[in-house]
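Look at the sequence and the model together.

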Amino acid sequence: MHRRVTFVTLLVNDFDEAVAFYVEKLGFIKTADNQFGPDMRWVSVSPQQGSETEIVFVKADTPEKKRLVGSQVAGHVLMVLGTSNCDDDFRKLTNRGVKFHGIPKDVPWGREVLFEDLYGNLFDLVERRGN
């Protein structure tokens, strides 16, 4: 059986501000933005065209969900973004205003640096050794 991750959900305060950050700052593409009645909107982004995995934004519409925005994984890295050039992406994203936690460093599996999204979710930008 072939299995793959196709969608990952991410709690957000506002669909449009989330899209703006992920598209304008991180360089993702918006893959869907559909309204299904007054209370349902399906909004997703992807790191690049043709990616198998998309992030689906879910609006935090209850007090419980609002408390979890930015901390869905209790301060751990939410996602790892693979790159072919960590240093180049670091410079580009820094120039776009993305907040990084340090600078790219060599690690046993390649080169990496942590950054956060507009809500404080942590992401690991990783260039694997041999890329």
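Which residues of helix H3 (residues 86-95) are buried? In this predicted model, they are Cys86, Phe90 and Leu93. Seen down the axis of H3, these buried residues fall within an arc of 80°, so they line one face of the helix. A general point about helix geometry applies here: an α-helix has 3.6 residues a turn, so residues three or four places apart point the same way.

At the start of H3, the backbone nitrogen of Asp87 has a side-chain oxygen of Asn85 within 3.3 Å. After H3 comes Gly97, which has a positive phi, near 95°.

Now the sheet. Four strands make up an open sheet with mixed pairing, and their order is E5-E8-E7-E6. Strand E5 (77-82) and E6 are the edge strands, each pairing on one side only. From one strand to the next, the twist averages 20°. In general, strands of a sheet pair through backbone hydrogen bonds, either parallel or antiparallel. E6 and E7 pair in the antiparallel sense, over six bridges. Val107 stands opposite Gly110 in E7.

How does H3 relate to this sheet, and which strands does it touch? H3 packs on the sheet and touches E6, E7 and E8. The direction of H3 makes about 170° with that of E6.

Note on methods. Residues are numbered from 1 along each chain as its sequence is written. This is a predicted model: local features need pLDDT of at least 70, side-chain atom pairs count only at pLDDT 80 or more; totals for chains, interfaces and linings use all residues. Side-chain values use heavy atoms; hydrogens and water are left out. Buried means under 20% relative accessible area, exposed over 50%, partly exposed in between (1.4 Å probe, protein chains only). Helices (H or I, at least four residues) and strands (E, at least two) are DSSP runs, numbered from the N terminus. The arc is that of the directions from the helix axis to the C-beta atoms. A polar contact is a pair of N or O atoms within 3.5 Å; within protein, one must be able to donate a hydrogen and the other to accept it, and residues adjacent in sequence count only if both atoms are side-chain atoms. Two strands pair if DSSP finds at least two bridges between them. Axes are lines fitted to C-alpha atoms, for helices over the stretch in contact, and angles run from 0 to 180 degrees between N-to-C directions. Contact means heavy atoms within 4.5 Å.
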